[in-house]
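Thanks for asking me to look this one over.

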Amino acid sequence: MKNFMILIREDASAMANMSESEAQAEIQEYVNWVEGMAKTDNYISGDPLESEGRYIGKDEVHSDGPFIESKEAITGYVLIKAENMEKALELAKGCPVYKNNGAVELRPIMKY
C-alpha cells in the first residue's frame, strides 16, 4: 500500500457565503466520505484548513492569507492509503468537493 495526499481545492468566496445549514450539510458529506474510506481501511487522517495563512519565499513573506488574489484555495487535506494511483483516484473521486465545482489534487507521498 502507498500513501497519498488529497488536497481539496474550493472557491473560498463561495464557501464564505454558505448558510450555516449549507455548511453543516457539506460537512456531513465529508464525514460520510471519510467514514466510507475508514471502513475499507484506506483512510489515514485529514483536516480542514483555516483560511489564514502565509505564502513564503526564501527571503520574504509574499502574501498574507486569506489569499484573495486567488479564487481557488486549498481548504483541506486527506491522507489515504491505496494499492496504487488508480485505486487512490477512485477514492478521490468520491470527494464531495465536486458538487460545488471544486477539485482535488492527488499526490503520492514519497517514502525514502
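Predicted model: local features only at pLDDT ≥ 70, side-chain atom pairs only at ≥ 80, totals over all residues.

1. The partner is Val104. The two strands involved, β1 (residues 2-11) and β6, pair in the antiparallel sense over six bridges.

2. Now for the sheet as a whole. This open sheet has four strands in the order β2-β5-β1-β6, and the pairing is antiparallel. At the edges sit β2 (43-48) and β6 (103-108), each of which pairs on one side only. From one strand to the next, the twist averages 20°. As a reminder, strands of a sheet pair through backbone hydrogen bonds, either parallel or antiparallel.

3. Two helices deserve a look next. Helix α2 (residues 20-39) lies across β1, β2 and β5 (72-82), and runs at about 170° to β1. Helix α3 (residues 85-92) also packs on the sheet, where it touches β1, β5 and β6. The direction of α3 makes about 130° with that of β5.

4. Finally, do have a look at the aromatic side chains. How many aromatic pairs does the structure hold? There is one. The ring centres of Tyr30 and Trp33 are 6.3 Å apart and the planes lie at 75°, so this pair counts as edge-to-face, the cut-off for that label being over 60 degrees. Both residues belong to helix α2, three residues apart, which is about one turn of the helix. Are they buried or exposed? Tyr30 and Trp33 are both buried.

Definitions and conventions
Residues numbered from 1 in each chain as written. Heavy atoms only, no water. Pairing = 2+ DSSP bridges. Axes fitted to C-alpha atoms, helices over the stretch in contact; angles between N-to-C directions. Contact = heavy atoms within 4.5 Å. Phe/Tyr/Trp six-rings, centres within 6.5 Å; stacked < 30°, edge-to-face > 60°. Buried < 20%, exposed > 50% of the residue type's maximum accessible area, 1.4 Å probe, protein only.
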